[in-house]
Amino acid sequence: MNRGFDRALSDGDVLRRRASFLQRIHIDGWLLFLLLILGVIGLFVLYSAGGRDQGLLIKQASSFGVGLLVMVVVAQLEPRFMASWSALMYLIGVALLVVVDVMGHNAMGATRWINIPGVIRFQPAELMKVFVPMTLAWYLARHNLPPTFKHILISCVLIAVPFVLIARQPDLGTALLVLVSAVFVLFLGGLRWRWILSAVAAVVPIAFGMWMFVMHQYQKQRVLTFLNPESDPLGSGWNIIQSKAAIGSGGVYGKGWLLGTQSHLDFLPESHTDFIIAVLGEEFGLVGICLLLLVYLLLIARALVITLQAQTVFGKLLAGSITLTFFIYVFVNVGMVSGLLPVVGVPLPFISYGGTSLVTLLSGFGILMAIHTHRKWIAQS
Amino acid sequence: MPAPIRLKDHEVDTRLIRGRLLVGAVAVILLTLLLVSRMYYLQVVQFEHHSTLAENNRIHVQSLPPTRGMIYDRNGVVVADNRASFSLTLTRERAGDWETVLDSIIEVLELDADSRELFEKRIRQGRRPFEPVPVMFELTEEQIARVAVNQFRLPGVEVAASLVRYYPQKEHFAHSVGYVGRINEGELKKLDAVNYSGTHHIGKTGIERFYEDELHGQVGYEEVETNARGRVLRVLKRVEPISGEDIYLTLDIALQEAAEAALDGRRGAIVAIEPNTGEVLAMVSQPSFDPNPFVTGISFKAYGELRDSLDQPLFNRVLRGLYPPGSTIKPMVAIAGLDAGVITPSTRVFDPGFYQLPNNKHKYRNWNRYGDGWVDLDLALARSNDTYFYDLAHKLGIDRLHDYMSRFGFGQRVSLDMFEETAGLMPSRDWKRNRYRQSWYPGETLILGIGQGYMQTTPLQLAQSTALMASRGKWIRPHLARSVGGVQPVDTDPPADIVLRDQKAWEPARLGMEHVLHGARGTARKVGDAAAYRIAGKSGTAQVVAIKQGERYNREKTQERHRDHALFIAYAPAEKPQIAVAVMVENGESGSGVAAPVAKQVLDAWLLDEEGLLKSQYRPADSVLPVGVKR
């Protein structure tokens with residue numbers, strides 16, 4: 001008993017001595033290392049995709065810095081603290097969504113932003129990407145797993161409210177990602193397979209209903225274009241044809257950094273935001289894309305390890321949801337640019353230009369680090 | 001006491017979540033493999049396809065039109081030039097609100113609302129994205145300057161330069177050199193699409209048409225890299241166009257102008273040929289027109305005026321005007337008679353003022369109704385005695401007459417390089433049987449002997465037959481191009497020279513022609529008396545048969561236009577011919593009175609120096625002083 005306790009203590013001493021600084025600020029070294037690699041790759045590709053615009057590069061780098069800072073701050077929070085405040089944060093988030101819905105700032109023809117000039121300007125929907133799975137994880141963790149029918153029903157309501165509000169903005173892409181992150185919590189929480197199968201079976205009539213009553217014209221157009229991009233090669237099919245041409249013409253080894261013609265001659269639209277993987281594919285070829293996907297897989301592998309090692313159900317559910325949702329970002333973006341999926345506005349994590357996305361993603365990884373680094377070693381004995 | 005239950009449940013939960021995470025991890029790996037295989041499909045399997053797509057995106061081939069060959073007169077004076085012409089283009093996609101830009105253009109250039117309407121129409125027609133649409137042509141220096149100064153107000157507006165044909169000599173060569181015009185639908189189908197890919201104009205008539213292939217040149221091209229907005233970023237490959245060949249004409253602008261001046265505003269045609277080389281020195285069809293408006297596109301109104309004019313300025317009288325040759329063919333008929341052996345120079349015919357076929361009461365009248373008495377060949381030519389030639393034609397018969405006249409080029413196209421020349425008509429028994437299903441009447445032979453009846457000739461044919469008289473049957477097709485790209489055009493199918501059984505037979509015909517001007521009873525002796533050198537010539541009148549198509553009835557005009565056409569052919573100096581001329585003055589009535597002085601003026605312009613003396617190089621070797629100098 002004493003020996004065991006001593007060993008636990010000395011183990012702690014060893015850990016503290018080995019990575020004392022990172023340990024003290026609750027940072028996971030593996031995650032940080034992989035995130036930095038992704039950040040550097042992103043800056044390299046962005047330099048080419050943005051037409052050697054150094055201003056763009058500096059903006060992105062500083063966003064990345066801000067994101068890292070947010071990550072460090074989030075990593076300091078005790079997971080228990082997060083759980084206890086999640087319900088309130090959820091309510092605040094919903095309230096902000098309502099505010100946006102009523103009197104939001106109009107950007108890009110869609111009402112998505114909260115803007116207090118000179119202070120802050122952000123999208124509440126972005127917050128919900130974190131708060132919804134967090135709240136759901138908190139809710140499910142309070143009860144025995146797997147969730148009962150009543151719990152599932154309440155969970156559905158918790159999901160549906162922000163989903164509808166975000167979809168109304170209209171930002172179906174973000175709404176779906178919020179939905180996905182919440183569904184992952186339910187899935188990890190042991191949602192029974194028959195429920196999952198019947199939900200999948202229900203997708204068809206729901207999709208039909210959405211098509212008829214919910215989806216906007218531009219969203220329908222995206223789906224139609226996805227199904228047959230060549231039908232309108234100069235209009236809405238242009239993006240996908242050009243991105244496929246960019247990736248395809250890269251071949252195995254690519255045309256070389258800064259030598260991609262599709263992006264540099266402006267044939268590839270949105271080359272520095274949603275379609276940036278096409279630039280990477282054109283300039284670095286299949287090898288470049290495989291290496292990037294490998295880095296993502298390593299990051300996800302480490303996040304899965306963190307999930308497995310999480311000590312609380314809340315931590316496991318939240319970490320797992322963040323990890324799987326992160327993969328969904330990657331999959332949906334790469335799938336859409338390569339023509340596997342319809343064009344939805346999902347940026348490629350850490351590579352696409354955009355500060356909001358970076359900060360959201362890094363705060364997610366901050367939560368992962370918090371879950372991992374706030375473990376109670378004493379409790380194991 | 002929930003603690004033990006919690007503890008137990010925690011293990012179940014952990015197992016459950018671990019199982020679900022395993023499912024998730026497997027899904028992640030499978031979906032990643034799906035992405036990798038998708039990329040493999042795009043980048044390896046479909047590599048060629050996408051590579052081509054990307055290359056086609058960025059690389060465009062632009063054709064570089066060749067510069068059209070220049071045309072000079074025989075002394076190097078520019079007849080057809082290439083002038084930079086500026087047009088105003090507007091690119092809608094770069095203009096932003098293009099209607100506002102259009103308003104600015106109108107304001108800057110101080111144009112009216114009609115122009116704006118026209119420009120708007122032109123802009124709406126151009127439909128390819130990022131294609132500059134020409135809205136205004138032929139900008140002046142001032143307009144270019146105004147656009148440059150106001151460029152900041154005119155986004156998407158550019159001044160584009162291109163080379164456009166210009167004829168500095170205006171109407172002087174409209175009927176010989178012709179003109180170029182915009183390529184039309186019909187021509188587009190026949191043209192070599194590649195070679196003409198950058199060309200907007202093509203030769204429509206004259207030299208411009210005949211030597212189109214040589215003048216046009218060979219198109220070049222440029223492979224350029226463009227961005228998505230069509231802007232050219234760099235040139236990847238360039239094959240220079242090969243400019244068209246320059247053409248030096250046989251025409252002499254000074255002689256051309258002198259000939260036109262000699263017509264003195266009358267309608268008519270003049271052709272001057274250098275008989276030893278076949279070079280056409282002057283080719284006049286009056287009235288003429290300025291070919292320049294046809295290059296950029298003549299307005300419908302202006303074209304209508306030219307087309308409907310009673311004077312027919314668009315009508316090429318030299319190549320397409322058909323006239324009975326009248327007495328001008330008498331020297332050639334004489335050659336036929338001499339060579340066929342039906343007459344000798346001393347053969348005499350008595351002229352009572354008419355001619356009658358045996359057993360026929362019909363009188364074929366001499367122009368001099370009192371008769372010239374006993375007439376030999378020399379006098380018959382000098383006096384243009386009709387009776388003698390009725391007799392001669394009768395002796396020859398239509399078959400021999402047709403053969404000999406054909407050898408002089410009548411009834412066939414004679415030129416080497418003239419566009420749309422008419423063959424005219426040299427009648428024969430076969431022709432009449434085919435045309436009228438009738439046999440040939442002997443009386444028709446008689447009037448053919450004096451150049452009347454069915455026979456139709458062009459002024460060019462008259463000039464060429466005169467040149468043949470001067471060169472004693474040496475056939476060289478008359479041509480307008482002295483050199484094309486420095487090379488003399490070759491006649492691959494020259495007509496056979498006229499070789500007489502006795503070449504001396506040319507001499508009495510020449511003498512007769514000389515006596516037309518220099519004989520005591522010559523019809524044109526007034527003109528001959530004033531000449532500084534010996535001229536061989538022959539007058540003629542062509543009866544105007546009917547009102548031509550397209551003319552409106554107008555009593556005064558029509559009567560004037562019913563008068564005979566005056567004809568005169570001549571070559572000089574008679575001993576050593578340097579120039580052969582055919583003159584036709586429409587409704588001039590008198591060949592010797594009206595056409596002959598015109599012919600002499602043309603001859604003078606070519607043969608005399610500033611002091612009114614025969615140029616030394618033209619003087620016959622055996623004569624030291626010119627004959628009969630008068631100032």
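**A sheet, an enclosed helix and a chain contact**

In strand 9 of chain B, Val239(B) is the bridge partner of Tyr221(B). The model is predicted: local features need pLDDT of at least 70, side-chain atom pairs count only at pLDDT 80 or more, and totals for chains, interfaces and linings use all residues. Residues are numbered from 1 along each chain as its sequence is written, while chains are lettered from A and ligands numbered from 1 in the order in which they are written.

Strand 8 (residues 220–226) and strand 9 of chain B pair in the antiparallel sense over 6 bridges. Two strands pair if DSSP finds at least two bridges between them. Strands (E, at least two residues) and helices (H or I, at least four) are DSSP runs, numbered from the N terminus. In chain B, 3 strands form an open antiparallel sheet in the order 1-8-9. Strand 1 (59–64) and strand 9 (232–239) of chain B each have a single partner strand, so one side of each lacks a neighbour in the sheet.

Helix 14 (residues 330–340) of chain B is largely enclosed by the rest of the structure, because 10 of its 11 residues are buried. Buried means that 20 or more other C-beta atoms, placed from the backbone, lie within 10 Å of the residue's own. Among the buried residues are Met332(B), Ile335(B) and Leu338(B). Gly341(B) follows helix 14 of chain B, with a positive phi near 85 degrees.

Between the chains, 41 residues of chain A are in contact with 32 residues of chain B. Contact requires C-beta atoms, placed from the backbone, within 7 Å. Helix 13 of chain A gives the most to the side of chain A that touches chain B, with 11 residues.

Technical notes
A residue is buried if 20 or more other C-beta atoms lie within 10 Å of its own, exposed if 12 or fewer, and partly exposed in between; C-beta atoms are placed from the backbone. Two residues are in contact if their C-beta atoms, placed from the backbone, lie within 7 Å.
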